[in-house]
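Have the sequence and the 3D view ready, and follow along one element at a time.

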Amino acid sequence: MSFIADTVLTEPSAMLDLGAAPRGFRGRIRGLRAFASGGLPAEELERRLLELGFVEGAEVELLHQGLFGRDPIAIRVDSATIALRRREAAAVLVEPI
Amino acid sequence: MNEMSAGLRDLRIALVGNPNCGKTALFNTLTGSRQRVANYPGVTVERKEGSFLSPGGRRVQLLDLPGTYSLRARSPDEVVTRDVVLGQQAGVAPPDLLVCVADATNLRLGLRLILELKQAGRPLLVALNMFDIARHRGIEVDVERLSALLGLPVVTTVAVRRGGTEALLAAIDAQAPASEAEAAWSAPDATGLRILQREADRILAAVVRVPDRRDAVTRRLDAVLLHPAAGLVILLMVLFLMFQAVFAWAQPAMDLIDTGFQALGAAVGGLLPQEGAAGLLRSFLQDGLIAGVGSVLVFLPQILVLFLFILLLEDFGYMARAAFLMDRIMGGAGLHGRAFIPLLSSFACAIPGIMSTRVIDSRRDRLATILVAPLMTCSARIPVYTLIIGAFVPDQPVGEGAWSWVGLQGLVMFGLYAAGILSALGMSFVFKRLLWRGQPTEPFMLELPDYKLPRLRNLALGLWQRAKAFLRRAGTIILSMMVVIWFLSSVPRPPEGATQPAIEYSFAYSIGQAVEPLLRPIGFNWQIGVALIPGMAAREVAVASLGTVYAVQDAEEDTAQLGQALAGRWSLATALAFLAWYVFAPQCVATLSVIRRETGGQRWMWFSFGYMLALAYVAALATYQGARALGLG
């Protein structure tokens, strides 16, 4: 954890995507980088993430993950807990706090 | 609209809100048992409507709209919500007032929806629900400030407590007649959504103080229930407990109903003579009507226990967790994680299961779920399974000591359910490979609500609605099928001086004889052949039909002893083949018609009928021939 935080302090480009975050990760959303996924166009994936509260500035915490391939994951976004797969979570860019 | 007409007619109010905001609990509290469940014209979205009298003496028609995160309407359910809100739904007059229900403990997403609704320009009232939980958790909401910032009236509600809706009712009475402002709304793009959410967050920061962001109980429970390994084990245990309970808890009530119908049949039988036209009437009442209805009604307790579990898990907030735990496993079979809830509902009945696939947005994922949902063991199969297991599987524990609490009968039942689940997963895997090669599964995104203690009142209302639906079925489809079966197996009457049993002169015997060659390879006799045909109308009718056929055959015997009669007449191989048949048996007519409606055509209906019939025949054939090879024939 501290290693990642240090890297971020020295190197602002070290933002990571939420899909790659470990369990227990805490961070703040810096941006959405949507892509076409699961038959949805990029724009639609972005809107769905926004509707579930994944908006720039929101605090996130990776609470739980599944047994197989550490997937899906449960993310705390402010006052709500949202389950999604790592594949789509990769569209959410976060910065550790 | 002028004030005169507004004073005369009922006030129309619609409840809107996110999923899990307690909207339905609020609806139940306001309307009590004065509810109607129907469909919107042309679509199969459930329309829940109720009425109540406000304290000010105004009659209110209340509509409970499907939960949604936005008016963007991606699924058929959400389309209805949008169209009603905008006053564009055919057959539904525009509501005079929208009550937007928001979870006070999780205001963020609800607030964005409120801002979106406000843009639509309809008269709006905000109800901050679960306000007691919010206060208990130390969440402070400045309601007046919120109302000022939103420019909307805001009340607090506690749907599950007496008096918890007083403020809402007062606000409804204070509601001025609705203005007929044009609803101007267009779907927001990503930028629009961002702006709305930012504004919601700005308002939140100004009016809400949250000491601890997560509910402590939910956090502790999730640490166990969502644990990667332990969570799955617990899910399996919950399902296993559910099936054990269906058998054990329902037994006393079932015995009571059984005894009651036996006594009724005997009493009616004693009133009428055996011979002549009165004898035919006696046979109709005793063997057709009372035995038939009794043999189906006896399963009401089991169906209620099953629904009790499903409602409990739903209200508790566990269903979404189960979908989370199962997502990867279901994904391996080509199903969407959200398909878990429709499939679990299909354990009760495939019809609500298929209807609830509407939560799946992608058509392909939805179709896959619809096609395999009837393979899940619905409650209508319980009568069939119970009868055969009761007759052929000894009632004894599986083992000694630690295993003594596991009954062999319950274990076989669990095995049959497992066979249904595995075949559903297997078939969806096959469909994905054959029908939709290379098309990806839609993303899995689902809110996990905080755990809540289920409320007795909501459970009771839910169970009552299920019981009513079952009794209506028993009273209409099943009863009429029973009358037909009795007729076919009693007419024509045997000639004077007949030497064969009466049934061998009946139409049923001729029908059974005609289909028997087809059924011989799978070990079915002509009586089963007769029972299978009405079993298409409703699966549980098969049991009642067997009861009638055997009752008419042996006028002396008591129909309630059907299990014993079967044990004496069927080989174990036939019984097992019959069970295997019913794991896959083509679904009842009602399910087929729901498939036709939901998929928009006959094609998929015939497809699912055909593939299930083929599976049932192959499974019964393999079971029968296998069992005979093992010497059980």
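We start where two helices meet: α2(A) and helix α8 (residues 190–207) of chain B pack at an angle of about 10°, with their axes 9 Å apart. Here axes are lines fitted to C-alpha atoms, for helices over the stretch in contact, and angles run from 0 to 180 degrees between N-to-C directions. α2(A) is therefore roughly parallel to α8(B); angles under 35 degrees count as roughly parallel, over 145 as roughly antiparallel, 65 to 115 as roughly perpendicular and the rest as oblique. On the α2(A) side, the contact is made by A:Glu43, A:Glu46, A:Arg47, A:Leu50 and A:Glu51, while α8(B) brings B:Ala190, B:Leu193, B:Arg194 and B:Gln197. Contact means that the C-beta atoms of two residues, placed from the backbone, lie within 7 Å. Sorted by class, this helix contact has three nonpolar, one polar and five charged residues. Ala, Val, Leu, Ile, Met, Phe, Trp, Tyr, Cys and Pro count as nonpolar, Asp, Glu, Lys and Arg as charged, and the others, Gly among them, as polar.

A word on the model and its labels. It is a predicted model, in which local features need pLDDT of at least 70 and side-chain atom pairs count only at pLDDT 80 or more, while totals for chains, interfaces and linings use all residues. Residues are numbered from 1 along each chain as its sequence is written, and chains are lettered from A and ligands numbered from 1 in the order in which they are written.

Now for the wider interface. In total, 34 residues of chain A are in contact with 34 residues of chain B. On chain A, α2 (42–51), β3 (59–65), β4 (73–77) and β5 (80–84) each supply at least two residues of the touching side, and α2(A) gives the largest share, seven residues. Helices (H or I, at least four residues) and strands (E, at least two) are DSSP runs, numbered from the N terminus.

What pattern does chain A follow along the sequence? Chain A reads α-β-β-α-β-β-β-α-β, with three helices and six strands.

Two strands pair if DSSP finds at least two bridges between them.

| Strand pair | Bridges | Example of facing residues |
|---|---|---|
| β5(A) and β10(B) | three bridges | A:Ile82 and B:Glu447 |
| β2(A) and β6(A) | five bridges | A:Leu32 and A:Val92 |
| β2(A) and β3(A) | three bridges | A:Arg26 and A:Glu61 |

Finally, which parts are covered? Buried residues make up 45% of the 97 residues in chain A. A residue is buried if 20 or more other C-beta atoms lie within 10 Å of its own, exposed if 12 or fewer, and partly exposed in between, with C-beta atoms placed from the backbone. In chain B, nine of the ten residues of helix α22 (residues 526–535) are buried, so α22(B) is largely enclosed by the rest of the structure; among them are B:Trp526 and B:Leu532. Helix α18(B) is mostly covered too, with ten of its twelve residues buried, including B:Tyr385 and B:Phe392.
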